[in-house]
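Welcome! Here is a short briefing to read alongside the structure, topic by topic.

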Amino acid sequence: DGCGHTVLGPESGTLASINYPRTSPNSTVCEWEIRVKPGQRVQLKFGDFDIDDSDSCHSSYLRVHNGIGPNRTEIGKYCGFGLQMDGLITSKSNEVTVQFMSGIHTSGRGFLAAYSTTDKSDLITCLDNASHFSEPEFNKYCPAGCVIPFADISGTIPHGYRDSSSLCMAGVHAGVVSNTLGGQINVVISKGIPYYEGSLANNVTSKVGPLSTSLFTFKTSGCYGTLGMESGVIPDSHITSSSILEWPNQTGQVNIWKPENARLKRIGPPWAAFISDEHQWLQIDLNKEKKITGIITTGSTLAEHYYYVSAYRILYSDDAQKWTVYREPGMDKDKVFQGNTELYQEVRNNFIPPIIARFFRINPLKWHQKIAMKVELLGCQFSIGRAPKITLPPPPQNKNEEKNADFMDDFIHSVKTSLQTDKTTFTPEIKNTTVTPSVTKDVALAAVLVPVLVMVFTTLILILVCAWHWRNRKKKTEGTYDLPYWDRAGWWKGMKQFLPTKSTEHEETPVRYSSSEISHLRPREVPTMLQTESAEYAQPLVGGIVGTLHQRSTFKPEEGKEASYADLDPYNSPIQEVYHAYAEPLPVTGPEYATPIIMDMSSHPSTPLGAPSISTFKAAGNQAPPLVGTCNKLLSRTDSASSARALYDIPKGQPGPGSADQLVYQVPQSVAHPAGSKDE
C-alpha cells in the first residue's frame with residue numbers, strides 16, 4: 001500500500017512513493033519489479049529523495065536489488081533527508097527490484113525515480129526543467145510516465161514553453177514523446193516572452209504563464225501540416241458519417257448537420273450524429289496514403305448547442321473495408337484519446353508512432369448531450385522507399401547450384417519480409433512547425449556563395465568610385481600654375497634638362513656687386529646679371545611685357561607677410577595689362593636662379609620708361625641682401641643723343657647703401673622719352 005505514481009514501460013518508466021511530494025503514511029511498503037529486454041541492463045536515476053533517517057535506515061528506507069524473487073541480491077540501501085543522489089544505480093542483469101519501506105516518521109517527501117536501459121546515457125527525470133541546463137541546445141532522454149499531477153507546464157507549440165516547465169511533460173504535451181513509451185527530445189533554448197498561453201493536448205493541460213527570462217521548444221524533423229479539412233483540399237464527397245442529425249427549428253426550417261460541416265474553424269454548425277451511441281463514426285478519405293501525426297477537435301462551437309465529444313477511438317484502413325484500431329506499441333488495449341472538455345477549445349492529440357493510411361475514422365466513446373464535432377488532421381505526404389533491386393542468378397546446373405538457388409529464395413523472402421515489417425513498424429520522427437526544415441547541400445552552398453559574391457562586387461565598385469572621386473578632387477585642388485603637392489620644390493630641378501636653353505643675347509657672365517657699388521652706377525651701367533644665394537623657390541616677376549612667359553612656374557606663392565620683408569611700393573603705370581608675378585623657367589645651361597626682369601618699353605612710346613616693375617629680395621642674417629637675377633638692360637631706343645638718365649633709388653627706408661639689415665631696390669622711377677623715339 002506504499003506505491004505512488006507508477007508507469008513501467010518496456011524500456012523506461014517512472015515510480016514514486018505514495019503521496020509524493022507530500023509525506024507518506026506510516027507503516028507502508030511497496031515493491032516494483034522492473035524487467036527490460038534480455039541482454040540489456042537497467043539504470044536507475046533519482047529526481048528527488050527525502051526519507052526519514054532518524055533510526056539509521058532501520059524502519060524507513062529504499063532498497064535496490066539485482067534480480068527478482070528469492071535469488072535477488074542487494075545493490076544498496078538508502079535513506080536520508082534531502083539526499084543528493086546524482087549518480088546512476090546500474091544493475092547487473094535485465095531485472096531489478098525496488099523496495100520502499102515507510103516506518104514511524106513525521107516528515108519526509110519520499111522519493112521519485114526514473115529508470116531506462118543502460119544505452120540511454122542522457123536519461124533525465126520528470127522533475128527536470130530547462131533552467132537546470134545552461135546549454136542553448138541539448139538532447140535528453142525522457143522516461144515513460146512523465147504526465148504527473150504534481151508537475152506544471154506553461155505554454156504551447158509553436159510559441160514555446162516557460163523555462164520553469166517540466167521538460168518531459170512539455171514534450172508529451174507537444175507530441176514529441178509518448179507518455180507510455182518515453183523517448184528522445186532535442187531542446188532549444190531562446191529568449192522568453194511576456195505571456196504563455198494554455199492549452200489541452202495529449203491529456204496534458206498547459207496553464208497560462210507570466211513573463212520569463214527564457215523559454216524552450218523542441219527541434220524535430222517530422223510533419224505537422226494540416227491535411228485539408230479546414231482549407232477545403234479534401235472535398236465534401238470524401239467526408240462521410242454513420243448518421244446525420246436533422247431537425248426543424250422554430251420557423252419550421254429543417255437544419256441538417258452534415259458530415260462536410262466537420263471542418264475545423266468553419267463558421268456554422270458542426271457534424272452531429274442522429275443517434276448518440278458508441279457505434280457512430282466520422283470518416284475522412286485522404287485520396288491516397290498519408291502520414292497522419294495528429295488530430296485537432298472542437299465541439300459544436302455554437303453557444304445554444306452545448307455539444308462535444310470527450311473521448312474517442314481512432315480506426316484506419318487502406319480500402320475502407322478492413323479497419324484497424326489504433327494502439328500504442330507494446331499495448332494490448334485500444335488507445336482512448338481524451339477529447340474536448342467544452343465546445344470551443346481546440347484539443348490536440350498526436351499519434352506516436354504515426355498512422356500510415358488513406359481512410360481515417362473517428363469513433364466517439366463519450367460525449368456531452370449529443371455527438372457533435374469539428375476536425376482537422378495533421379501530417380504530411382507519405383512515400384514508400386524503393387526496394388533494393390535483386391539480381392537473380394542463372395538457372396542451377398547441379399546440386400550445389402540448387403542449394404544456392406534455395407538460399408537466394410530464402411534471401412528474397414527475408415528481404416520482402418523486412419520491407420513489409422519496416423512499413424508497419426517504422427517510427428518516423430515528428431516535426432515541430434516552429435523549426436525550419438533542413439535544406440539540401442546545394443541550397444546551403446548557394447545561400448553562402450551568393451552573399452559573398454555580392455559583397456565582393458560591391459567592394460570593388462566602392463573602390464573604383466572612391467578612386468575616381470579622389471582623382472577629380474585632386475585635379476580641382478591643383479591650380480593652373482600650381483604644381484602637385486607631392487613635389488613643389490624639386491620638380492623644376494628634375495625637369496630643367498628637358499627645356500630649351502635661353503638665347504645667347506640673354507646669357508652673360510654673372511657679376512657680383514656690393515650694395516655700395518650699385519648706388520654709384522649709372523643707369524646704363526647696371527649689370528645685366530645679379531647673383532645671390534640659392535633659394536628653394538624662384539623670385540616673383542615684376543609686372544611687364546614678357547613674351548617668354550609660357551611655361552609652368554616654380555614660384556612659391558606668398559603665404560602672408562613676414563617681418564623681414566619690406567613693404568612694396570609700386571609705381572603708377574598707364575599700362576593696363578595685368579600679368580601674373582611668376583618666374584620664368586630656368587635655362588638648362590644657366591645657373592639655378594630666377595630669370596631677370598625684362599621690360600621693353602619701345603613698343604609703348606607714350607609710356608614712361610619707368611614702368612611699375614618691382615623686385616623684392618630677402619637676405620639672410622644681418623648682412624645687406626645682394627641683388628640677384630638675370631636682368632637685361634633697359635634700353636631706351638631713341639634717335640636723340642641726349643637721352644635722359646635712368647635713376648635708381650637708394651634702398652628704401654635706409655640713409656645710405658649697405659647700412660641696414662634688409663635692402664629693397666626698385667627699378668628706375670622715371671626715364672624721359674624724346675618725342676622722336678621709335679622702335680629699331
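## Disulfides, a sheet and some rings

Five disulfides are found in this structure, which is a predicted model. There are also 17 aromatic pairs.

**The disulfides**

- As a reminder, a disulfide is a covalent bond between the sulfur atoms of two cysteines.
- If the bonded cysteines of the protein chain are numbered in sequence order, they pair as 1-2, 3-4, 5-7, 6-8, 9-10.

**Cysteine 57 with cysteine 79**

- One of the disulfides runs from cysteine 57 to cysteine 79, with an S to S distance of 1.6 Å.
- This link connects distant parts of the chain, 22 residues apart. Cysteine 57 is in the loop between strand E4 (42–50) and strand E5 (61–66), while cysteine 79 is in the loop between strand E6 (73–78) and strand E7 (89–90).
- The disulfide of cysteine 57 and cysteine 79 is left-handed because the torsion about its S-S bond is about -85°.
- Are these two cysteines buried or exposed? Both cysteine 57 and cysteine 79 are buried.

**Cysteine 142 with cysteine 168**

- Another disulfide is formed by cysteine 142 and cysteine 168, whose sulfur atoms lie 2.2 Å apart.
- Here, too, distant parts of the chain are linked, 26 residues apart: cysteine 142 belongs to strand E10 (residues 137–142) and cysteine 168 to helix H1 (residues 167–174).
- The S-S torsion of cysteine 142 and cysteine 168 is about -90°, so this disulfide is left-handed.
- Cysteine 142 counts as buried because its relative accessibility is 1%. Cysteine 168 is buried as well, with a relative accessible area of 1%.

**Cysteine 223 with cysteine 380**

- A further disulfide joins cysteine 223 and cysteine 380, at 2.1 Å from S to S.
- How many residues apart in sequence are the parts that this pair ties together? They are 157 residues apart, because cysteine 223 lies in the loop between strand E16 (214–218) and strand E17 (225–226) and cysteine 380 lies in strand E27 (residues 372–381).
- The link of cysteine 223 and cysteine 380 is left-handed, with -55° about the S-S bond.
- Cysteine 223 counts as buried at 7% relative accessibility, whereas cysteine 380, with a relative accessible area of 22%, is partly exposed.

- Strand E1 (residues 3–8) pairs with E2 in the antiparallel sense over four bridges. A hairpin of three residues leads from E1 to E2, and threonine 6 stands opposite leucine 15 in E2.
- Strand E2 (residues 12–17) is mostly covered, as six of its six residues are buried. Ser12, Thr14 and Ala16 point one way from E2, and Gly13, Leu15 and Ser17 point the other way.
- E2 also runs antiparallel to strand E9 (residues 110–117), and five bridges join the two. Across this pairing, serine 12 stands opposite serine 116 in E9.
- E4 and E7 run antiparallel and are joined by two bridges. Leucine 44 stands opposite isoleucine 89 in E7.

**Aromatic rings**

- Among the 17 aromatic pairs is the edge-to-face pair of phenylalanine 337 and phenylalanine 351, with 5.4 Å from centre to centre and 85° between the planes.
- This pair links distant parts of the chain, 14 residues apart: phenylalanine 337 is in strand E25 (residues 337–338) and phenylalanine 351 in strand E26 (residues 347–368). Phenylalanine 337 and phenylalanine 351 are both buried.
- Which residues do ring pairs link into a cluster? Trp32, Phe46, Phe49, Phe100 and Phe111 are joined in this way.

**Charges over rings**

- Lysine 77 has its charged end over the ring of tyrosine 61, 4.3 Å from the ring centre.
- Arginine 361 lies over the face of tryptophan 281, and the distance to the ring centre is 3.8 Å.

Terms used
Residues numbered from 1 in each chain as written. Predicted model: local features only at pLDDT ≥ 70, side-chain atom pairs only at ≥ 80, totals over all residues. Heavy atoms only, no water. Phe/Tyr/Trp six-rings, centres within 6.5 Å; stacked < 30°, edge-to-face > 60°. Buried < 20%, exposed > 50% of the residue type's maximum accessible area, 1.4 Å probe, protein only. Lys NZ or Arg CZ within 6 Å of the ring centre and 35° of its normal. Disulfide = S-S within 2.5 Å. Pairing = 2+ DSSP bridges.
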